[in-house]
Amino acid sequence: MCLLILRAKSATMTTTETYSANRGLFTAVVSSNRQIGERFYKLKLEFSGSGAKAFSKFRPGQFAQLDISTIALPELSSIPEDLADASRRQILLRRPFSFTETKVQKDKTTTELLYCIVGPATLRMTTLAVGDSLSIIGPLGNGFWVPHGKKTALLISGGMGAPPLQHLAKVLTADHSDIETIVIAGAKTADQLPFESRLDEISQQLGFALPEFAQYGVKSMVATDDGSAGFAGPVTNCLSDWLKEHGSGYDKITIYGCGPEAMLAQLAEIARGKNIDCQISMERRMACGFGVCQSCTVECRVEDSNETIYKLCCEDGPVFDSREVVF
Ligand SMILES: Cc1cc2nc3c(=O)[nH]c(=O)nc-3n(C[C@H](O)[C@H](O)[C@H](O)COP(=O)(O)OP(=O)(O)OC[C@H]3O[C@@H](n4cnc5c(N)ncnc54)[C@H](O)[C@@H]3O)c2cc1C
Ligand code: FES
């Protein structure tokens, strides 16, 4: 409740009340499902009728629960060896995904999902074909918000943290053109960056490494742990260097993060040290996705107290103020 009031007061993107008011069970139709890397796919979904209306309000950082239970496995020969055993598991629970963008055209809403094959559900998703139907619950959770008076948004992604930040970059440039948006995308190696391609050397030197962000005029850098592309080292080190170089005006910056929990903990630490506002999208295994099963708890600090409470990642998050979360 306290979080709800805080967001309604400080956010310009939308309020928590409007987030949950649009949710429902809808059917989407696959309009494309394209492989973009060894383990990465882009899936386009089209909603019509009440689904189109509900998903036209989908905000960056929100998510949807997809029913994968009836989707077929790929042929045995195209199942990666490390997933051979896992692929035989039945898919009983829906799986949570965020979107890289939503587009509203007349009475249709199209959304794009970027996914990585990590287990049985994502493996089955690769067999989705144009015209297939998918049962989807959403929009769910609370997305990123834009505090008043900020001049710079630093979007920091680690591995598969990129999708909601791509969506955020689009919304920031469309609705908040007074805010400069800069992206730093990290991964262990160049192959594990979940993007279609990187631009040529000159574009990279100009600071536009990734076409997914350059299309909105948003600057982007890449960082890889092994130095195989861009900055050599963790994405959080690249961020620290950027902050050192730019030196001041931290109260005008918001850091938005999505990625592995260790990276989010580092982001929270960097932000705390410099008193920068920071929002992080947390990941938990989610059985229901809408506050019933209590499987997705996140330990959070109670303001002005030493106590902590457990909030639900699906309902109170997945996006939290980094000051709240206990790592
Ligand atoms: C809010 C939210 C948004 C997400 N958005 C995306 C997205 O845009 N693109 C994408 O590719 N993935 C996204 N995910 C992760 C996605 O839900 C999982 O990759 C998917 O459920 C895996 O299903 P599976 O059956 O293929 O693999 P599983 O067998 O279920 O999982 C394989 C391995 O992946 C890890 N894993 C899976 N799900 C989670 C989780 N929720 N939290 C932590 N670790 C997990 C575990 O280590 C597990 O052993 C998101 C998750 C959440 C909570
Ligand atoms: S996933 Fe069921 S309560 Fe959060």
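Among contacts in the protein between residues at least 6 apart in sequence, what percentage join residues at least 24 apart? In this predicted model, the share of such contacts that join residues at least 24 apart is 70%.

The overall form of the chain was examined next. The protein contains nine helices and 16 strands. Its radius of gyration is 19 Å, close to the value of 20 Å that the globule rule gives for 327 residues, and the protein is therefore as compact as a globular protein of that length. Along the principal axes, the C-alpha atoms fill a box of roughly 55 × 50 × 40 Å. Of the 327 residues, 44% count as buried.

The domain assignment divides the protein into domain 1, which covers residues 18-140, and domain 2, which covers residues 152-281. The centres of domain 1 and domain 2, taken over C-alpha atoms, are separated by 25 Å. Contact between the two domains involves 12 residues of domain 1 and 13 residues of domain 2. On the side of domain 1 that touches domain 2, six residues are nonpolar, four are polar and two are charged.

Leu140 is classed as buried because 26 other C-beta atoms lie within 10 Å, whereas the threshold for a buried residue is 20 or more. When residues up to four places away in sequence are not counted, Leu140 touches Arg23, Gln62, Phe63, Ala64, Gln65, Gly289, Phe290 and Cys314. Leu210, by comparison, is 70 residues from Leu140 in sequence, and the C-alpha atoms of Leu140 and Leu210 are 28 Å apart in space.

Ligand 1 is surrounded by 21 residues, of which the closest are Arg95, Gly119, Ala121, Thr122 and Pro163. Two or more residues of this shell are given by each of the elements β4 (95-97), β6 (108-116) and α4 (120-125). By class, the shell around ligand 1 consists of 14 nonpolar, three polar and four charged residues.

Note on methods
Residues are numbered from 1 along each chain as its sequence is written. Chains are lettered from A and ligands numbered from 1 in the order in which they are written. This is a predicted model: local features need pLDDT of at least 70, side-chain atom pairs count only at pLDDT 80 or more; totals for chains, interfaces and linings use all residues. A residue is near a molecule or strand if its C-beta atom, placed from the backbone, lies within 6 Å of it. Helices (H or I, at least four residues) and strands (E, at least two) are DSSP runs, numbered from the N terminus. Ala, Val, Leu, Ile, Met, Phe, Trp, Tyr, Cys and Pro count as nonpolar, Asp, Glu, Lys and Arg as charged, and the others, Gly among them, as polar. A residue is buried if 20 or more other C-beta atoms lie within 10 Å of its own, exposed if 12 or fewer, and partly exposed in between; C-beta atoms are placed from the backbone. Two residues are in contact if their C-beta atoms, placed from the backbone, lie within 7 Å. Domain bounds come from an automatic or database domain assignment. The radius of gyration is taken over C-alpha atoms; the globule rule is 2.2 Å times the number of residues to the power 0.38.
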